[in-house]
Amino acid sequence: MGAAILPDLLTEILIPATAVVGIAFALVQWLLVSKVKLSPERESSGAGNNKNGYSDYLIEEEEGLNNHNVVVKCAEIQTAISEGATSFLFTEYQYVGVFMAVFAILIFLFLGSVEGFSTKSRPCTYSKDKICKPVLANAIFSTLSFLLGAFTSVVSGFLGMKIATYANARTTLEARKGVGKAFITAFRSGAVMGFLLAANGLLVLYISINLFKLYYGDDWEGLFEAITGYGLGGSSMALFGRVGGGIYTKAADVGADLVGKVERNIPEDDPRNPAVIADNVGDNVGDIAGMGSDLFGSYAESSCAALVVASISSFGINHELTAMFYPLLISSMGIIVCLFTTLFATDFFEIKAVKEIEPALKKQLIISTVLMTGGIAIVSWIALPSSFTIFNFGVQKTVKNWELFFCVAIGLWAGLVIGFVTEYYTSNAYSPVQDVADSCRTGAATNVIFGLALGYKSVIIPIFAIAVSIFVSFSFAAMYGIAVAALGMLSTIATGLAIDAYGPISDNAGGIAEMAGMSHRIRERTDALDAAGNTTAAIGKGFAIGSAALVSLALFGAFVSRAAISTVDVLTPKVFIGLLVGAMLPYWFSAMTMKSVGSAALKMVEEVRRQFNNIPGLMEGTAKPDYATCVKISTDASIREMIPPGALVMLTPLIVGTLFGVETLSGVLAGSLVSGVQIAISASNTGGAWDNAKKYIEAGASEHAKSLGPKGSAPHKAAVIGDTIGDPLKDTSGPSLNILIKLMAVESLVFAPFFATHGGLLFKYL
């Protein structure tokens, strides 16, 4: 079998050291962003500097850099957005905190009752000749790791929101000096979030494992079973963050668009629109805080899935620490690779024109993937024995270290394929979105038909990419191969998040420019940044959905093993009914979230109309709208409406497992995975395509686009309606579905001991 080249001691130093480097790099980027002052005093430094293709001096004169009022206005708007986002998140966390406390008690009671809260040591589940820690310990430590995961998820989302609201106005002010400077500010801010999240997730998981090990000692099977609670906590918070934030942002967005752009014919982000502050707050609580928690959840779950399988393979049985920590070493290498990749965007290359923005962001994905492939090879060579065994449904499968390298690498490259296919279907540089825009000539109905068709078609290649990854990974290293393939897809999470967060920051920057009354040229620059961000955000969602499919399958495999199910037979009625119900759940969940956005948007539309009709001088710009009422409508609606979809996802595994047993639950998990992935991809891409079709017409960058415009034309109004329909699809239902399929799988794994012992009450007594 052989041993790993990397000594255990060095592994224990390298993992936390890399996390600290990631946090330090994030702080350096934050300090660089903070050099842009949000005060009217003119900075003496930097005059005459022509980096990024612009002479500051010329632009200063041209754009009136010394216009103190503009800077003061930007600062005021930024404060309003930041306060709105902070207030919403605190309210959301209070409600979710209660839910989490109740769920933590449930975890303790369910797991503790497996053997009547026994404090006696017991034979291990997989190695009957060994003695493991008592059931009560598993209940206590699973509950603790659940709370740790939930807390880390909250911190990830909150820090991301704070960074984004700190950077938005600074990006606007830098846009006066040129598009290159604005790009660097927005991207650096995104990098702060990406590196903080990746490093914090790794560090907290590593510290948790080491603290739990003080009690568990050599019982690695029990230790890593308890650690799965970390993934459950992370995803639970992500669900509420995504759903709550998604409802908030889209209620405000739909209300602002329908009344402002369609009915009143005023520009997007016009300060006269009462919903405009709520709309900009929504970008931060949905697209930033929600997305941060979501990707943290994926990272935590893929790590936990890999660690659980490894603990019952030769790594865990023989207590090979370095090989056991292979998933954490992959994440550590990811942080280092992303650090160098980020420097390509901020320091090595300069953005000199608008058309260079999108290629620069795409280069980030390509560079990080290429470098990471080499990184995976190094980690696989030094951290793994040349040959080892992996648990495969009751038997040990012999695997070589180069096979595991291929598992991680195929996940990494499948992520890139899914990302670029998503970009092809959602960017207005390509024919699919241009066809959708062209269909607006004949009205909103044809636009909707073309958009739906595009979404369905965009599912084909990503599903093949996921299928190939699953087949290759499973052939090489069973369920462990699938878990590390998911980790491969998420290994460049710091870069992926930086690109993702860049979009909402640029969107906010454009909104602030419009509200502060800055010149048309600055708005053009922020629009160009935003358009590129829209496409890359769609790429980020593609990554999140693809990794969710692999993660949930790996967790499903771990659940089947833990629940001692020999085979999942689709022809068994118990399994088949579960399959049908599971496939229905994403539709039920989508219906709830879509309806929530619709009813919240209805209240918002009525309020915006009321203000336009009842406040004298609002349309003329002589009176100020009541922004606070719109913010309150979005907050109240999202807090109220996020509970039912969240409860559906959290309670389904508990009810099915307890009443119908593990076989039916395995059917539910398989059904929800298969249908959820398809709906998530089509919903996200349909919404993204409608959004960019509208922007294509607004930008008028080609003769074809000019023939459909300008803003306010009949095709443009049809495009706005399509965009409005797509808003809840791409920002609420679609992104939340990937959490649904992961969360149900990890929850089933955590509660598997209870379901295996006491589950299936209905079938026992029927």
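1. The expected span of a helix is 1.5 Å times one less than its number of residues. The model discussed here is predicted, and helix α22, residues 714-750, can be checked against that rule. With 37 residues, α22 should span 54 Å, and its end C-alpha atoms are 54 Å apart, so expectation and model agree.

2. A kink of about 35° lies at G726, shortly before the proline P728.

3. Salt bridges come next. The structure holds 26 of them. One joins the side chains of D294 and R242, at 3.3 Å from N to O. This pair links distant parts of the chain: D294 sits in helix α7 (residues 276-311) and R242 in helix α6 (residues 220-263), 52 residues apart. D294 has 0% relative accessibility, and R242 has 4%. The cut-off for buried is under 20% relative accessible area, so D294 counts as buried, and R242 likewise counts as buried.

4. A second pair is K574 and E663, whose side chains meet in a salt bridge at 3.6 Å, N to O. Distant parts of the chain are linked here too, with K574 in helix α18 (residues 573-614) and E663 in helix α20, 89 residues apart. Is K574 buried or partly exposed? At 30% relative accessibility, K574 counts as partly exposed. E663 is also at 30% and counts as partly exposed, because that class runs between the 20% limit for buried and the 50% limit for exposed.

5. Some salt bridges join up into a network. Which residues are linked in it? They are K250, D253, D530, D691, K694, K695, D723, D727, K730 and D731. Within this group, K730 forms a salt bridge with D731, the closest N and O atoms being 2.7 Å apart. Both K730 and D731 are buried.

6. D691, another member of the network, is found in helix α20. Its relative accessible area is 5%, so D691 is buried. Not counting residues up to four places away in sequence, D691 touches N534, D723 and K730. Of these, D723 and K730 are also listed in the salt-bridge network.

7. Helix α20 (residues 662-699) also holds L665. L665 is buried, with a relative accessible area of 0%. Leaving aside neighbours within four places in sequence, the contacts of L665 are F559, P653, V656, G657, S748 and F755. The C-alpha atoms of L665 and C407 are separated by 28 Å, the two residues being 258 apart along the chain.

8. On the surface there is a nonpolar patch. It is formed by L651, I655, L659, L761, L762 and Y765, which together have about 540 Å² of accessible area. The elements giving two or more residues to this patch are α19 (627-660) and α24 (761-765). For the part in α19, a general point on helices applies. An α-helix has 3.6 residues a turn, so residues three or four places apart point the same way. I655, which is found in α19, is partly exposed, with a relative accessible area of 45%.

9. Two loop residues have backbone angles to note. Phi of N265 is near 60°, a positive value in a residue other than glycine, and N265 is found in the loop between α6 and α7. Phi of H319 is near 55°, again positive in a residue other than glycine. H319 has its place in the loop between α8 (314-317) and α9 (321-324). With a relative accessible area of 29%, H319 is partly exposed.

10. Last, a residue from helix α1 (residues 8-34): L14 lies there. At 36% relative accessibility, L14 counts as partly exposed.

How values were computed. Residues numbered from 1 in each chain as written. Predicted model: local features only at pLDDT ≥ 70, side-chain atom pairs only at ≥ 80, totals over all residues. Heavy atoms only, no water. Patch = residues over 30% accessible without salt bridge, like charges linked within 9 Å, V, L, I, M, F, W, Y side chains within 5 Å. Areas by Shrake-Rupley, 256 points an atom, 1.4 Å probe, with all protein chains shown as cover. Salt bridge = Lys/Arg side-chain N within 4 Å of Asp/Glu carboxyl O. Helix = DSSP H or I, 4+ residues; strand = E, 2+ residues; numbered from the N terminus. Buried < 20%, exposed > 50% of the residue type's maximum accessible area, 1.4 Å probe, protein only. Bend = angle between axes of the 7 residues up to and from the residue. Contact = heavy atoms within 4.5 Å.
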